[in-house]
Amino acid sequence: MHAGEFEAVRGVPDLYVHDTGMFDTDEYGAVYVYDADRPIVIDTGTGANRESLFETIDEIGIGREELAWILPTHAHLDHAGGAGHLTERYPNAEVRVPEKGVRHLVDPGALVTGTKSAVQDQWQYYDEPAPVPEDRIAGLAEGDRIDLGDRELVVHEAPGHAPHHAFYHEPDDDVVFTADAAGIYVPEVDTVRPTSPPPQFDLDQCLRDLSAIEEIDPEYLCFGHFGPREYEPSLIGEAKRAYVEWVEAVREKREELGDDEAVVEHFVETSRDVEFWNPERARADASLNSRGVLAYLDYVEEESEE
């Protein structure tokens with residue numbers, strides 16, 4: 001797929017995937033549109049390319065008055081940055097997000113500050129988020145259900161990526177919208193890469209989140225980065241190995257170099273992801289993910305000393 005395009009998700013009626021063109025990169029950021037009795041948008045992108053998402057929703061045949069739900073998987077701005085803009089365009093749509101993310105979408109100032117600090121010059125690919133009105137948003141918790149009329153989504157908290165993070169399961173079609181809980185799927189090479197952003201990445205909890213998907217044993221996975229794939233248990237095993245090996249690689253490099261900035265620079269310069277993403281995006285991901293692991297290692301050390 002290319003930026004701004006959308007297509008039906010094979011094997012799942014009424015479900016579409018839209019390529020947001022996030023960070024000027026094809027097949028990196030996905031938004032899912034379920035044309036159910038009560039239509040829903042799952043994730044929103046950064047908001048920077050929202051006009052193409054609006055066009056996709058129009059082409060699918062969902063009117064402005066018809067969209068019922070806007071459902072970010074978590075508050076990170078690559079998944080929820082467009083939520084406020086969508087509420088402005090779709091007046092009857094209610095926003096739902098894991099409970100700890102609600103305050104960030106109502107008043108995104110602190111989230112913007114944190115994101116700018118984390119992504120640095122990549123902020124050029126974001127847009128200032130519009131606040132979500134308090135009377136149009138509510139929080140979600142484990143086991144909550146979102147009524148789409150002819151089907152429903154079940155909420156599963158998955159705080160390994162961030163405390164305000166969840167994945168959603170649609171039992172009838174047996175689809176899991178993984179958010180970032182199963183890592184980043186790269187269609188070009190059919191593999192999974194870890195995602196470990198600061199400041200609250202937690203390896204042990206990430207592994208538990210992956211096991212929760214494994215227990216559901218769905219038919220399909222719909223990755224936030226990027227796209228749908230038929231589920232295979234081996235994919236979860238691959239993701240678990242990728243996370244463990246990635247954290248260990250950062251740990252070893254820190255011991256070798258003794259300087260965190262040098263560690264980050266090493267992984268930026270040696271990123272393999274330049275093979276299938278544009279080099280700027282690949283290096284930015286390497287920087288963000290290595291900083292997240294370094295923060296996690298500091299946290300583990302502090303916990304062990306208490």
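Buried, in this talk, means under 20% relative accessible area, exposed means over 50%, and partly exposed lies in between, with a 1.4 Å probe and protein chains only. By that rule Cys222 is buried, at a relative accessible area of 1%.

Good morning. The structure above is a predicted model, in which local features need pLDDT of at least 70 and side-chain atom pairs count only at pLDDT 80 or more, while totals for chains, interfaces and linings use all residues. Residues are numbered from 1 along each chain as its sequence is written, and side-chain values use heavy atoms, with hydrogens and water left out.

I begin with the chain as a whole. It has 9 helices and 15 strands; helices (H or I, at least four residues) and strands (E, at least two) are DSSP runs, numbered from the N terminus. The radius of gyration is 18 Å, close to the 19 Å that the globule rule gives for 306 residues, so the chain is as compact as a globular protein of that length. That radius is taken over C-alpha atoms, and the globule rule is 2.2 Å times the number of residues to the power 0.38. Along the principal axes, the C-alpha atoms fill a box of roughly 55 × 40 × 40 Å. Of the 306 residues, 56% are buried. Contact means heavy atoms within 4.5 Å. Among contacts between residues at least 6 apart in sequence, 67% join residues at least 24 apart.

Next, the annotation. The unreviewed UniProt entry carries "domain: Metallo-beta-lactamase" over residues 28-225. Such positions are given in the numbering used here, feature names are shortened, and annotations may be inferred rather than shown by experiment. In the model, the end C-alpha atoms of residues 28-225 lie 5 Å apart, and the span is 26% helix and 25% strand.

I return to the cysteines. How many disulfides does the structure hold? The number is 0, where a disulfide is a pair of cysteine sulfur atoms within 2.5 Å. Cys206 is buried, with a relative accessible area of 4%.

A search of the whole structure finds 14 aromatic pairs. Rings of Phe, Tyr and Trp (its six-membered ring) pair if their centres lie within 6.5 Å; planes under 30 degrees apart count as stacked, over 60 as edge-to-face and the rest as tilted. One of the pairs is Phe6 with Tyr16, edge-to-face at 6.0 Å centre to centre and 65° between the planes. This pair links distant parts of the chain, with Phe6 in strand β1 (residues 6-8) and Tyr16 in strand β2 (residues 15-19), 10 residues apart. Phe6 is partly exposed at a relative accessible area of 26%, and Tyr16 is partly exposed at 22%.

Another edge-to-face pair is Phe23 with Tyr125, at 6.3 Å centre to centre and 90° between the planes. Here Phe23 is in the loop between β2 and β3 (30-34), and Tyr125 is in the loop between α5 (109-119) and β7 (137-140), 102 residues apart. Phe23 counts as buried at 4% relative accessibility, and Tyr125 is buried at 16%.

Another arginine, Arg96, lies in strand β6 (residues 94-98). Is Arg96 buried or exposed? Arg96 is buried, with a relative accessible area of 18%. Leaving aside neighbours within four places in sequence, Arg96 is in contact with residues including Trp69, Pro72, Arg136 and Leu140.

I close with the backbone. A cis peptide bond joins Pro198 and Pro199, with omega about 5°, and Pro199 lies in the loop between β13 (191-193) and α6 (203-216). A cis peptide bond also joins His225 and Phe226, with omega about -15°; Phe226 is in the loop between β14 (220-223) and β15 (227-230). Glu27, although not a glycine, has a positive phi of about 55°, and this residue is partly exposed at 24%. Gln120 has a positive phi of about 55° as well and is found in the loop between α5 and β7.
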